[in-house]
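Subject: Structure handover

Hello,

Here is the structure for your files. My notes follow below it.

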Amino acid sequence: MVLGEIATATVTAIFLSALYAIIAIGFTLIFGVGGILNFAHGAFITVGMFAGFLATSDAFLIALPIWAGLLAGTAAGALIGAVTYLGIIRYVRDRPVTILILTFVIGFFIIYAIRIGARDVFGVNDPLAIPVPQVMGTAFLNDVYIFVTSWLLIGLLFYFVNYTRTGRAIIAVSQSDKGAALVGIDAEKINLITWTVAGAFAGYAGVLLAGAFGNGSWLMSIQPPAPLILSFAIVILGGLGSIKGSIAGAYIIGFAETFTVNFVPGGEQLAGVSSLVLLVVFLLVKPEGLFGRGAGE
Amino acid sequence: MATETPLEGDVGRRRKQAVKEKLLLRDLALRHRLGILGVGLLALLPLLAQPRELNQFTYVLYLMMFAISWDVVSGYTGQLSFGHAFFFALGGYGTSVTVNQHLVPLLDGLGVTLGPVGTTVVILAGIVGGTLVAALGGVLIGVPALRLEGPYLSLVTLIAPLLLYQSFIIFGEELPVLAPNGLGGTSGLLNEPPSFVGIGTNAAVTVDQLWVDAVARYYISFLALLIVLAVTYGVTRSAAGSVFTAIREDEDAVQSVGLNPAKFKIFAFVLSAAVGGFAAAVWMHAGPNAYPNTENLFGPGRIDLSINVIVVAVIGGMGTIVGSLVGALFFAFADSVIGAFVPELKPLPTFLLGMVALTFLPRGVVPEATRFGRRLLAWRRGEVDSLVERDRTSAAKRTVDRYREEIEEIIGGEGR
């Protein structure tokens with residue numbers, strides 16, 4: 001019986017971790033290339049969720065199927081990433097303290113804008129519960145879908161980064177922007193691409209996350225499972241700037257969380273909190289992460 | 001005499017002399033006189049305002065104190081805190097719980113009926129309790145701050161209020177020993193703590209007119225602001241303040257002169273936390289809307305108050321203390337203008353203001369104004385010919401500077 005429970009928990013954990021991996025990848029990318037810890041990441045995820053909601057609700061003429069919602073979320077995430085970089089980050093890149101505060105304020109600016117948009121423009125009753133449908137009919141199939149696309153996207157990203165010219169340029173910039181400039185890489189363009197790709201991942205993750213947890217919320221970036229903090233946790237656990245490390249980190253956090261919720265007495269109340277505690281402990285004990293910041297692959 | 005080092009001779013006498021010289025009003029720089037004038041004007045504000053406006057403005061005083069609290073640690077030592085509401089909540093809940101769940105039941109149990117003096121003493125004890133709780137919170141955040149730097153610390157400070165919020169829910173009914181009646185969950189503590197001055201019975205001094213109530217609340221809050229200002233101004237203008245700034249610039253340099261940055265960082269955190277907790281504690285007994293709930297002490301979105309405080313300090317100028325006062329005025333002005341025209345857009349415009357200030361005026365209003373004022377004075381004395389500053393360094397020097405910067409960046413080995 002206990003074995004059965006462990007098996008069920010393991011399956012849940014694997015599915016959950018796949019979702020977490022998508023959430024964290026965009027964050028890793030931006031850090032790896034620009035050295036920026038993007039506190040607006042949670043807001044990008046929220047934007048994706050909201051675009052998914054708009055596409056699938058009847059706010060515009062017809063309610064589209066969830067596939068269109070996923071597409072809309074991804075596109076909206078990519079757009080907001082690109083706009084944030086082009087509009088603001090580009091100008092303050094050499095001032096680390098400013099960037100930190102700016103991404104933080106930008107992030108909350110965006111989610112407040114979403115709250116106001118949801119409540120006053122699109123007439124959502126409760127901006128804390130914005131309905132976004134699941135991708136698949138049943139919860140299990142939905143989990144499988146998330147798992148499969150998660151690994152598919154990770155594979156594509158690996159291929160992109162390691163085997164295409166643009167991807168290699170990204171690695172080059174992450175290693176040294178001066179060296180990259182010497183061989184003719186336009187760092188500005190690479191940064192823009194990174195922010196766009198990261199935004200797209202975030203947007204996609206937003207739709208999936210909201211679907212998997214029943215509904216989205218304007219505060220979702222800091223409400224359990226708090227993707228903003230989660231991605232920090234994952235990325236710090238795995239080592240900053242390493243994609244492989246982030247995937248490992250996602251699975252560690254996913255497993256830790258599922259097992260706390262299932263096997264620790266009174267664990268339900270700890271959902272979303274356990275990863276935070278794990279993060280704080282990890283930050284204090286091994287701040288450089290499991291994989292460290294090696295090559296910025 | 002000329003060769004006397006700072007440690008020779010009668011140090012105590014010279015120290016006294018220096019303090020006296022600093023306190024002489026007639027020798028104060030113009031900006032300090034302007035500052036004193038500004039504080040004086042704040043003190044006279046109740047002469048002009050209606051009770052309702054005055055209540056709104058009293059809140060601004062608390063915003064100032066909160067921003068000062070942030071500035072002490074983040075503006076001076078550069079340890080960015082993204083969740084300062086953690087300390088405010090500790091202070092506010094600390095005093096409410098101390099008064100309502102410990103002192104009042106205890107005194108009731110002893111059969112003591114509290115007169116005005118007794119209630120005041122109980123309130124003061126509560127404020128001390130709240131400040132201590134917040135200071136403990138400062139230690140709690142300050143110790144990890146020794147191992148973490150930059151964004152990691154900011155992250156921990158962002159998580160802290162979220163965890164606290166969760167624990168208010170988890171211990172909503174009862175927190176053994178510390179808070180026998182619980183922390184009230186999301187709706188906050190329904191039992192309001194007694195006020196210094198109030199209209200109802202739940203106050204040390206009962207008054208019957210709205211304006212007396214508003215004016216009294218204003219001046220008590222103003223007194224708290226003066227205390228906060230005196231403490232933080234004193235510390236940041238002392239040698240400790242220089243060390244704070246030095247930590248922000250280069251921690252290794254601080255170590256190399258034999259000072260322990262860890263000690264100063266913890267000190268900064270505890271001071272900041274105590275100031276924030278004190279302000280929140282006074283608010284619970286003297287402020288407008290003094291309800292100890294999460295909406296007041298964290299902000300409606302759990303994190304807004306923390307952001308607002310940052311925006312206020314950034315607009316005014318980080319690392320100046322005084323900037324927080326000016327920033328809060330700007331913030332409140334913007335907020336009330338927006339509230340009058342497009343209330344549904346709140347708080348977007350104030351965040352936008354913060355973003356614009358960060359991008360285009362990163363040093364803040366007060367330092368820029370000081371710089372401009374100096375320029376103006378120099379212009380009046382005829383030392384410079386134009387009010388607008390021009391880059392007067394030669395092209396060759398600029399080029400050399402740029403190269404030096406690049407080389408230092410390459411051989412610095414600091415990483416990113």
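In chain B, helix α4(B) passes α5(B) in a right-handed crossing. This is a predicted model. The axes of α4 (residues 85-110) and α5 (residues 116-147) of chain B come within 7 Å and cross at roughly 140°. An angle over 145 degrees would count as roughly antiparallel, so α4(B) is classed as oblique to α5(B).

On the α4(B) side, the residues in contact include F86(B), F87(B), L90(B), G91(B), G92(B) and G94(B). From α5(B), those taking part include G126(B), G129(B), G130(B), G137(B) and G138(B). By class, this helix contact has twelve nonpolar, eleven polar and no charged residues.

Next, the contact between the chains. It takes 35 residues from chain B and 31 residues from chain A. On the chain B side, the elements that give two or more residues are α5, α6 (151-170), α12 (304-316) and α14 (348-360). Of these, α6(B) gives the most, with ten residues. The side of chain B that touches chain A has 25 nonpolar, six polar and four charged residues.

On confidence, chain A has a mean pLDDT of 84, with 92% of its residues at 70 or more. Within chain A, confidence is highest in helix α3 (residues 66-87), at a mean of 92, and lowest in helix α11 (residues 274-285), at 74. Over residues 293-297 of chain A the pLDDT is below 50, and this stretch has 18 contacts in the model beyond near neighbours in sequence.

Regards

Key. Residues numbered from 1 in each chain as written. Chains lettered and ligands numbered in written order. Predicted model: local features only at pLDDT ≥ 70, side-chain atom pairs only at ≥ 80, totals over all residues. Axes fitted to C-alpha atoms, helices over the stretch in contact; angles between N-to-C directions. Helix = DSSP H or I, 4+ residues; strand = E, 2+ residues; numbered from the N terminus. Parallel < 35°, antiparallel > 145°, perpendicular 65-115°, else oblique. Left-handed = near helix turned anticlockwise from the far one by under 90°. Contact = placed C-beta atoms within 7 Å. Nonpolar A, V, L, I, M, F, W, Y, C, P; charged D, E, K, R; others polar. pLDDT = per-residue confidence, 0-100.
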